[in-house]
Amino acid sequence: MEHTILQLFPEERRSFWQQTAQSQQSVQEIRLRTRRPIVIHAQGRELFLGRDGSFTEDVGRAYCASAEELEEILQHICQYSLYAFEEEIRQGFITVRGGHRVGIAGQAVLAGDGTLRVIRNISYMNIRIAHEVRGAADHVLDKVYYSGSLKNVLLISPPGCGKTTLLRDLIRQVSDGNPYGKGMTVGVVDERSELAGTFCGMAQNDLGMRTDVLDACPKALGMLLLLRSMSPQVIAIDELGSQEELVHLRSAAACGCRILATVHGENLEDVRRRFGPGENWEDLFDLFFLLGKRDGRCEVRDICKRGEG
């Protein structure tokens, strides 16, 4: 059962957020900006919150959050101890019970070496609602196995088309075992706490009985650590983005690991432009799933085998 998002808001304001909480299953994001309308993204639609907390499409009726209200929400999320969450704030997001993630932005304060020391005067928040969709991978499971052997899979998707949800359920079913293959040990590098939704060291999402999670660790380093310490049969990462990560994926493949990964992109050619010629990365994968949306619903638009597309 999903943790209600009412927990994210101070008790004295929970009546205002009641309709949003009741619509939790359909809400993807809640965007709060100081002195700007509160925006709700739900099932491909953009809505506003009225002054009574009801949904409206009329921006003229929208409620604008004050700086004090954002500060109070942040204090509540951090259990009124911002110092205890200093590292999470420096990373730009806080993961809360239930796996929901609160992204923050404001004034960046840099250290002498140019690294980010802290974010102050936080005036922007993006509450991303976690949706664990069990069975999301049911319709592709038969494609990702061959004679009981898991293939190396890359999910290619624009933002907001369900790639993390699909990857999460693939991990769970690969880990637990399914009609097409026996359960395997999966190592997950969850750099931004989106797959497992780790809160206080515990995964809030079900990634399967044979899955080990390294939370809040850069993907390149995390893959190396998991290979050394946990002997995974499968390595899973979300949002592949650098040549260094590709190098470590290749090392994992050389050790016999299967690979499950996602990357931002409109199509295979888009990813080729980002990473360069195919010999650098395409031969790591057997299948490429191209995700998109139709009528506001996420779907797998196409599946390409290595050498196709």
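Helices (H or I, at least four residues) and strands (E, at least two) are DSSP runs, and the elements are numbered from the N terminus. The views below show a predicted model, in which local features need pLDDT of at least 70 and side-chain atom pairs count only at pLDDT 80 or more, whereas totals for chains, interfaces and linings use all residues. Residues are numbered from 1 along each chain as its sequence is written, and side-chain values use heavy atoms, with hydrogens and water left out.

**View 1. The largest pocket and the elements that line it**. On a 1 Å grid over the protein atoms alone, a pocket is an open set of points with protein on both sides within 12 Å along at least five of seven lines, a cavity is a set of points where a 1.4 Å probe fits but cannot get out, and lining residues have an atom within 4 Å of a point. Two or more lining residues come from each of β1 (27–33), α4 (163–176), β15 (287–294) and β16 (297–305), with α4 giving the largest share, five residues. Sorted by class, the lining of this pocket has eleven nonpolar, 21 polar and 14 charged residues, where Ala, Val, Leu, Ile, Met, Phe, Trp, Tyr, Cys and Pro count as nonpolar, Asp, Glu, Lys and Arg as charged, and the others, Gly among them, as polar.

**View 2. The second largest pocket, with T198 among the residues closest to its centre**. This pocket has a volume of about 240 Å³, and of its 13 lining residues E88, T95, S193, T198 and D215 are the closest to the centre. At least two lining residues are supplied by each of α3 (86–91) and β5 (93–95), and the largest share, three residues, comes from α3. The lining of the second largest pocket has five nonpolar, five polar and three charged residues. T198 itself is placed in the loop between β11 (186–190) and β12 (211–215). With residues up to four places away in sequence not counted, T198 is in contact (heavy atoms within 4.5 Å) with T95, S193, A203, V213 and D215.

**View 3. The largest cavity and its lining**. One cavity of 30 Å³ or more is found in a search of the whole structure, and the largest cavity holds about 40 Å³ of space. E132, V133, R134, R168, D169, R172 and D206 line the largest cavity; by class, one of its lining residues is nonpolar, none is polar and six are charged.

**View 4. Aromatic pairs and charges over rings**. Rings of Phe, Tyr and Trp (its six-membered ring) pair if their centres lie within 6.5 Å, and planes under 30 degrees apart count as stacked, over 60 as edge-to-face and the rest as tilted. The structure holds six aromatic pairs; one of them, W281 with F288, is edge-to-face, at 6.1 Å centre to centre and 85° between the planes. F9, F16, W17 and Y63 form one aromatic cluster. A charge sits over a ring if NZ of Lys or CZ of Arg is within 6 Å of the ring centre and within 35 degrees of the ring normal. R101 lies over the face of F93, 5.0 Å from the ring centre, and the charged end of R274 sits over the ring of F275, at 6.0 Å from its centre.

Key: Grid points are joined across faces, edges and corners, and a volume is the space filled by probe spheres set on the points.
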